[in-house]
Amino acid sequence: MKKYNWIIATALALLIAGNANANGQLTWTEDGSVTGNTGKKLQLEIQGVYDSLEYNGASYLAGFKIDKDGNNSPCIAQVSNDLSSTQYWAFEPIPNDIFVHKETAHAITMDGEVYELKGGKWNLTNKQFPRESQIVYSNHKDNLIVCHPASMEKTGAHNSGCFSTANNWKLGFIWFNIAPKVCNGQLYIVEENKNKKLFSFRIC
């Protein structure tokens, strides 16, 4: 899941309480330092880590790889949960979120393009979601809950909300920075409308 700064009322903060940069096996920091559950540490070749996924014995981390000339390139790193092996994939578009769909690791870019990890390569699929979409829930099979923010630019798209890819529902509401969260089968949202924030939810 993505790592965010949650500026929100105490009620919502309690719902999402936890370590945003930890999963079942590894913990990581933004500078690319990874710690296993035995305390073993590994320094990855990426920095500015902002998203992670733990799946099927490995963790996937999105960040930026800096070359010898100081240029930053989007990258996804794969590290085994025992820290014994790593692999890196360079991206041209910036991955926005890493998730599991149909029992396979996927990544969605800032432009809404979806890539699937298959045969050791990230392959572009024919799926296209709204710009800056995030996957806030996956059952690892057919169903995804996709949420996309409104543009903060005057000339950008101002339609935003969430939808399910399998259960045929769509929920429109205004949000910019506070991403929706799924807890115990419910979708919790903070609607950001005219400088007012409304806390509400929908059963998934």
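**Salt bridges and an open sheet**

E132 and R131 form a salt bridge in which the closest N and O atoms are 3.8 Å apart. Through shared partners, salt bridges join D111, R131 and E132 into one network. The model is predicted, and three salt bridges are found in the structure.

- Because D111 lies in the loop between β9 (104-109) and β10 (113-118), while R131 lies in the loop between β11 (121-128) and β12, the pair ties together parts that are 20 residues apart in sequence.
- D111 counts as partly exposed at 42% relative accessibility, R131 is likewise partly exposed at 47%, and E132 is partly exposed with a relative accessible area of 30%.

**The pair K65 and E45**

- K65 forms a salt bridge with E45, and the closest N and O atoms are 3.0 Å apart.
- This pair links distant parts of the chain, since K65 sits in strand β5 (residues 58-66) and E45 in the loop between β3 (41-43) and β4 (47-55), 20 residues apart.
- K65 counts as partly exposed at 30% relative accessibility, and E45 is partly exposed with a relative accessible area of 48%.

**The four-stranded sheet**

- An open sheet of four strands runs in the order β12-β13-β14-β15, with antiparallel pairing.
- Its edge strands, β12 (134-138) and β15 (170-172), each pair on one side only, and the twist from one strand to the next averages 15 degrees.
- β12 pairs with strand β13 (residues 144-148) in the antiparallel sense over four bridges, and Y137 stands opposite I145 in β13.

Notes: Residues numbered from 1 in each chain as written. Predicted model: local features only at pLDDT ≥ 70, side-chain atom pairs only at ≥ 80, totals over all residues. Heavy atoms only, no water. Pairing = 2+ DSSP bridges. Helix = DSSP H or I, 4+ residues; strand = E, 2+ residues; numbered from the N terminus. Axes fitted to C-alpha atoms, helices over the stretch in contact; angles between N-to-C directions. Salt bridge = Lys/Arg side-chain N within 4 Å of Asp/Glu carboxyl O. Buried < 20%, exposed > 50% of the residue type's maximum accessible area, 1.4 Å probe, protein only.
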